[in-house]
Amino acid sequence: MEETEEKTIELEEGMECVQKGLNKLKIIIEGEPESFTSDEYVMLYTTIYNMCTQKAPHDYSQQLYDKYKEAVEDYILTIVLPSLNKKHDEFLLKELEKRWASHKLMVKWLLKFFRYLDKFFIKRAEVPALNEVGLSCFRDLVYHDVKNRVTDAVIALIDQEREGEKIDRVLLKSVINLYIDMGKGRMDYYVNDFEEAMLRDSACHYSRKASTWIVEDSCPEYMLKAEECLQKEKDRVSHYLHSSTETKLLEKMQNQVLITYTNQLLEKEDSGCRALLKDEKVEDLTRMYSLFHKFPKGIELVAEIFKQHVAAEGMVVVQQAADVANNKTESSGGSHEQDFVKKAFELHDKYMVYVKGCFADNSIFHKALKEAFEVFCNKSVAGSSTAELLASYCDNTLKKGGSEQLSDEVIEDTLEKVVKLVTYISDKDVFAEFYRKKLSRRLLFDRSANEEHERLILSKLKQQCGGQFTSKMEGMVTDLSLVKDNQTHFQEYISNNPATNPGIDMTVTVLTTGFWPSYKSCDLSLPVEMAKGVESFKEFYQKKTKHRKLTWIFSLGQCNLNGKFEQKTIELILGTYQAAALLLFNASDKWSYADIKTELNLADDDLVRVLASVSCAKYKILNKEPSSRTVSLTDHFEFNSQFTDKMRRIRVPLPPVDDRKKMVEEVGKDRRYAIDACLVRIMKAKKVLTHQQLILECVEQLSKMFKPDVKAIK
């Protein structure tokens with residue numbers, strides 16, 4: 001076979017062929033109805049391939065590489081730039097979009113023709129890839145020349161859209177993507193050449209808008225506009241801006257519209273936050289929280305206004321209760337106390353809905369609500385503390401025949417609310433003392449409606465205030481639960497020892513001294529029947545428990561006596577003191593005050609109350625000489641055999657003793673002990689502390705139960 005040697009393509013000849021192909025490519029790119037035939041395509045590709053693969057010195061790879069760059073630059077300089085320079089504004093953007101698409105198409109065609117260079121030469125010569133060269137040419141010759149004009153045109157379109165005009169969002173997205181394309185995915189060109197200018201313009205735009213709105217619009221109208229703008233800016237990002245711009249853009253808008261005018265907007269006289277709270281504009285308050293919750297300055301101001309509003313509402317409730325108390329008639333009784341607590345509940349329920357709904361359960365608003373309630377819950381209400389009123393309200397709810405007959409669910413909900421209000425009062429120890437006193441009456445006189453409810457509120461109080469707070473009350477309930485067993489054992493003892501039987505039905509309630517409020521004990525001279533019963537129980541109890549001492553509190557006792565009057569026999573339900581006094585009249589129909597006092601061994605205060613209850617009050621079981629509404633030390637008393645009543649069974653009440661002052665004194669005494677114990681506890685733990693640190697530590701620990709007096713600590 002005969003070898004044929006391939007013809008070497010000289011540089012000039014080859015370049016002429018390449019130039020011819022490039023000229024045709026320009027025509028095609030410009031949209032002329034032309035295209036490469038298969039032969040032309042193969043011819044151009046083969047020529048370039050052969051010129052690159054010929055042996056030196058006929059390897060023209062470098063020259064072709066330069067030719068590629070020259071071709072791109074020539075197209076840009078002769079066609080692209082002149083066409084862009086003729087256009088402005090939106091027409092410039094459309095032309096740029098078109099020219100960038102044409103440029104990419106041209107590079108795509110050239111890459112096919114110069115494929116060999118791209119595959120082998122650039123690696124060997126360590127020069128930029130052809131695609132990169134094409135991008136660099138466009139960036140250096142086109143982008144840097146028109147970028148400022150393009151940015152201005154894009155921003156102008158965005159501003160037009162903000163003013164309500166319809167714009168070509170697809171065009172904007174295409175042009176804005178060009179900034180990212182110029183950085184090959186890096187955001188430098190997008191940020192430096194477009195985003196910064198766009199953000200500055202946005203700030204100016206919203207600054208102008210906000211300065212007009214704040215003067216012309218009410219707070220709700222302003223917030224509606226702000227919310228609408230916020231949503232539109234988010235839409236802008238999703239349609240044609242890069243996602244990384246959203247945070248910055250919203251921040252610029254919020255700075256100008258919300259942060260700059262925070263105080264002015266929220267404190268607008270007739271439509272600001274206070275007005276919205278007053279008019280219960282729930283939707284507007286929700287919008288306000290939505291707009292301001294990310295800005296500490298804004299949300300703290302809303303919370304502060306909310307706190308002031310709730311505290312003011314609470315003070316109105318306090319004043320109303322005081323007014324009712326001052327103007328109350330005898331028929332209204334103590335209803336103002338109940339009304340105050342009910343209104344406090346309603347107020348708490350109302351604004352808790354705001355906290356959980358409008359303010360998204362934010363802890364700042366929980367704190368604001370708490371502080372607001374602490375303001376008015378620690379004020380005196382018609383001469384009584386909230387602690388006393390809450391204790392009275394609980395008593396009314398839990399005792400038999402309370403003001404309302406409530407279902408278990410309602411009672412449970414009420415107790416939950418009481419405990420919530422207890423957490424707001426600073427003198428929790430005052431509540432504990434008054435509650436304990438009222439609990440003791442319910443338990444001892446069988447007035448408690450439901451033991452489960454008693455235990456329920458104690459468990460809730462324990463949860464909120466700690467085990468120490470409820471330990472005594474829990475002990476009281478436990479003592480009463482043991483009474484039945486104790487009584488059964490006492491009855492068994494009497495059955496087994498007939499000599500000890502006192503001859504009367506007798507129930508003894510044994511209380512643990514530390515749990516119960518302190519009661520005054522006295523050496524009452526009991527009637528024989530009662531005295532025998534007391535001795536019998538003492539014997540029984542000493543055999544049962546060797547090391548416990550019984551102290552009898554006769555003032556808490558209750559007796560049922562049969563009063564044999566001329567018209568009929570009436571069963572009298574009396575206190576032990578009253579029963580002892582009346583039983584004297586079995587021995588003689590007439591007694592002087594002095595003789596009764598000697599017989600019973602009672603103090604004047606107690607005896608006056610006892611005799612007044614049976615001679616000067618509703619039920620005149622004794623006649624008094626002289627007849628008057630008060631008992632004096634010189635009076636004489638005679639059994640009233642003519643006494644009668646339509647009922648066969650009557651309860652003769654004792655005039656109530658106002659022991660409030662005594663209870664407050666006891667609280668004060670307990671506080672001194674608590675301060676002493678706290679100081680010792682702290683110093684045992686810390687060993688050494690400065691005087692100031694010790695006082696601060698002590699105040700902090702004691703504040704959970706009461707607000708300690710620093711002078712007392714010192």
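Me: Leaving aside neighbours within four places in sequence, which residues is F373 in contact with?
Reply: Please note at the outset that this is a predicted model. With neighbours within four places in sequence left aside, F373 is in contact with V310, A344, L347, H348, L421 and Y424.

Me: Which residues touch the most other members of the largest nonpolar core?
Reply: That core has 87 residues, and those touching the most other members are V257, M288, F306, F365, F373, F431 and Y435.

Me: And which helix gives this core its largest share?
Reply: Helix α14, which covers residues 296–327, supplies the largest share, with eleven residues. Another core lies apart from this one; it has 68 residues, including L25, L64, V72 and L172.

Me: Now helix α9. How many residues does it have, and how far does it reach?
Reply: Helix α9 covers residues 219–239 and has 21 residues. From its first C-alpha to its last it reaches 30 Å, close to the 30 Å expected at 1.5 Å a residue.

Me: Which of its residues are buried?
Reply: The buried residues of α9 are C219, P220, Y222, M223, A226, C229, L230, E233, R236 and V237.

Me: What covers them?
Reply: The cover includes α6 (130–162), α8 (188–216), α10 (245–259), α11 (262–266), α12 (273–278) and α13.

Me: Where is R287, and what does it touch?
Reply: R287 lies in helix α13, which covers residues 282–292. Not counting residues up to four places away in sequence, R287 touches M223, L224 and E227.

Me: Is R287 buried or exposed?
Reply: R287 counts as buried, because its relative accessibility is 11% and the limit for a buried residue is under 20%.

Me: What about Q254: where is it, and is it buried or exposed?
Reply: Q254 is found in helix α10. Its relative accessible area is 12%, so Q254 is buried.

Me: Which residues is Q254 in contact with?
Reply: Leaving aside neighbours within four places in sequence, Q254 is in contact with L230, I259 and F295. Q254 and F295 are 41 residues apart in sequence, and their C-alpha atoms are 9.5 Å apart in space.

Me: Changing topic to strand β3: which side chains point to which face?
Reply: The side chains alternate along β3, residues 558–564.

Me: Why do they alternate?
Reply: In a regular strand, side chains alternate between the two faces of the sheet.

Me: How many bridges join β3 to β4?
Reply: Seven bridges join β3 to β4 (residues 569–575), and the two strands run antiparallel. A hairpin joins them through four residues. L561 stands opposite L572 in β4.

Me: Where is S641, and is it buried, partly exposed or exposed?
Reply: S641 lies in the loop between β7 (636–639) and β8 (649–651). S641 counts as partly exposed because its relative accessibility is 24%.

Me: Which residues is S641 in contact with?
Reply: With neighbours within four places in sequence left aside, S641 is in contact with F565 and E566. S641 and Q567 are 74 residues apart in sequence and 8.3 Å apart in space, C-alpha to C-alpha.

Me: Last topic: how many cavities of 30 Å³ or more are there?
Reply: There are three cavities of 30 Å³ or more. The largest cavity holds about 40 Å³ of space.

Me: Which residues line the largest cavity?
Reply: The lining consists of L96, E97, W100, S174, V175 and L178. The elements giving two or more residues to this lining are α4 (89–113) and α7 (169–182).

Definitions and conventions:
Residues numbered from 1 in each chain as written. Predicted model: local features only at pLDDT ≥ 70, side-chain atom pairs only at ≥ 80, totals over all residues. Heavy atoms only, no water. Buried < 20%, exposed > 50% of the residue type's maximum accessible area, 1.4 Å probe, protein only. Contact = heavy atoms within 4.5 Å. Pairing = 2+ DSSP bridges. Core = buried A, V, L, I, M, F, W, Y, C linked by side-chain atoms within 4.5 Å. Expected span 1.5 Å × (residues − 1). 1 Å grid on protein atoms, 1.4 Å probe; cavity = no way out; pocket = protein on both sides within 12 Å on 5 of 7 lines; lining within 4 Å. Points joined across faces, edges and corners; volume = space filled by probe spheres on them.
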